[in-house]
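Please look through the model below before reading on.

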Amino acid sequence: MVARPEVLAIIPARGGSKGIPRKNIRDFAGFPLIAYSIAAAKQSESVTRVIVSTDDEEIAAVARELGAEVPFLRPDELARDETLDLPVFEHVLHWLAENESYSPDLVIQLRPTSPVRPVGLVDRAVSELLTHPEADSVRGIVPAGQNPHKMWRIGADGRMQSLLKVDGIAEPYNAPRQKLPPVFWQTGHIDVIRPATIHEKHSMSGDVILPVHIDPEYTVDIDNLRDWARYEWLVRESGLPMVSPGPQRRAWPDTVSLVVFDFDGVMTDDRVWVNQDGQEFVAAKRGDGMGISFLLAAGFKAVIISTETNPVVAARAKKLKLPYFHGVGDKASLLKTYLAENAISAEETIYVGNDVNDLPCFPVVACAVAVADAHPDVKSKADQVLAHKGGHGAVREVCDILLSRKKVK
């Protein structure tokens, strides 16, 4: 019987990121960013161990909660802006050898900033290196978005000089792309390296590097908040099959007949003001009311279902001209009854919530939506996570999305 190779996944995640502070544990489409790389390793059939290398106690705690090992904190001198990957990986391998007498057969690097990975990518990359003993490493690549044969240097004399030359093509920068050699860009999705390459060649790639081709639809590299928003959209809206830390997300239904809103924390910011007489007050955003009016005018139906007993729910619902139910203990049962009595398909219903008492309603509908500041359990189980917080534009965001999708059809 052939022994199963020992495959160690290492996820580097230092705490001092500058472009996006705390990015490795910042919420990305419902989960901490680092959760996507941990999930890619743990859902792989070939990875036998997952270690996060970090200098940060908070990142370490999140990583452990997500199922990764953090057996040590990375020394500060290996957690600087200019620190390369090689000394970080050498440190991990030396620490494991000295403290546990552990030596893997292969090492994988999964960068948190490339969270959108195809299902099966990790196993495919590992298999590629295992079946090619002559190779030092494999690396994920996609077709290059920009062709380097059409790039330039500017010389000291101010004249442009072609960056690359191509045998047999005098002026590659004037040639059609189809005549030029294909070029590829290395992504951060995955590298698989033999430990000997790191120990003996002091390299993260070695001399013989094989490609693992990745569909360019998965190209993600998060450097700033604009990238962050763009790629959260990719996760939520594209329907691209990918490794997810939670259940596979359902897309927005093609047809939406009913939108179910929770009240507190969705139509309000979940705070309450109480005066000396015990009267309670909440705050709502006027833009949300405008969005509801547009939604109803476009023919959508909506309803409020709330656990809250305070008559403020009824007052706000009447102002918005929405049917409502408040003081509801079992929201899911009421929702099922409401759909049946009004002959509305669950497959054409979405639910917008923020707290754990909304979770039983999620499987009842076609798509569960969480506001940006929803409870972590709600965000992790929602199909879609909004960019806006409850009481701060979340309702308007839902309305705008539905109206936009209706126009596109």
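## Salt bridges

The model contains 17 salt bridges, a salt bridge being a side-chain nitrogen of Lys or Arg within 4 Å of a carboxyl oxygen of Asp or Glu. The model is a predicted one, in which local features need pLDDT of at least 70 and side-chain atom pairs count only at pLDDT 80 or more, while totals for chains, interfaces and linings use all residues. Residues are numbered from 1 along each chain as its sequence is written, and side-chain values use heavy atoms, with hydrogens and water left out.

One of these bridges joins the side chains of glutamate 58 and arginine 22, with 3.0 Å from N to O. The pair links distant parts of the chain, 36 residues apart, since glutamate 58 sits in helix α2 (residues 57-65) and arginine 22 in the loop between β1 (7-12) and β2 (27-28). Helices (H or I, at least four residues) and strands (E, at least two) are here DSSP runs, numbered from the N terminus. Glutamate 58 is partly exposed, with a relative accessible area of 45%, and arginine 22 is also partly exposed, at 29%; in these terms buried means under 20% relative accessible area, exposed over 50%, and partly exposed in between, using a 1.4 Å probe and protein chains only.

## Lysine 201 and its partners

Lysine 201 forms a salt bridge with aspartate 136, and the closest N and O atoms of the two are 3.0 Å apart. Because lysine 201 lies in the loop between α5 (195-199) and β10 (209-213), and aspartate 136 in the loop between α4 (121-130) and β6 (137-143), the pair ties together parts that are 65 residues apart in sequence. Lysine 201 counts as partly exposed at 39% relative accessibility, whereas aspartate 136 is buried, with a relative accessible area of 9%.

Lysine 201 also forms a salt bridge with aspartate 207, where the closest N and O atoms are again 3.0 Å apart. Aspartate 207 is exposed, its relative accessible area being 63%. Elsewhere, salt bridges that share partners join Asp85, Arg111, Arg139 and Asp191 into one network.

## The chain as a whole

The chain has 11 helices and 18 strands, and its C-alpha atoms fill a box of roughly 75 × 60 × 45 Å, taken along the principal axes. Of its 409 residues, 49% count as buried. Among the contacts (heavy atoms within 4.5 Å) with a separation of 6 or more, 66% are between residues 24 or more positions apart.

## Surface and charge

The accessible surface of the chain comes to about 20300 Å², and 52% of this belongs to carbon and sulfur atoms; such areas come from the Shrake-Rupley method with a 1.4 Å probe, and for residues only the protein chains shown count as cover. The mean positions of the 46 positive and 55 negative charges are 7 Å apart. In that count Lys and Arg are positive and Asp and Glu negative, while His and the chain ends are not counted, and the place of a charge is taken as NZ of Lys, CZ of Arg, CG of Asp or CD of Glu.

Trp152, Ile154 and Met160 make a nonpolar surface patch of about 350 Å². Patches are made of residues with over 30% relative accessible area and no salt bridge, where like charges are joined within 9 Å and nonpolar side chains (Val, Leu, Ile, Met, Phe, Trp, Tyr) within 5 Å. Tryptophan 152 belongs to strand β7 (residues 152-154) and is partly exposed, with a relative accessible area of 36%.

Most residues other than glycine have a negative phi. Arginine 22, although not a glycine, has a positive phi of about 60°. Serine 101 is not a glycine either, and has a positive phi of about 55°; serine 101 lies in the loop between α3 (85-100) and β5 (106-109) and is exposed, with a relative accessible area of 67%.

Which residues does leucine 225 contact, leaving aside its neighbours within four places in sequence? They are Ile20 and Arg26. Leucine 225 is in helix α6 (residues 225-237) and is partly exposed, with a relative accessible area of 47%. Between leucine 225 and glycine 30 there are 16 Å in space, C-alpha to C-alpha, and the two are 195 residues apart in sequence.
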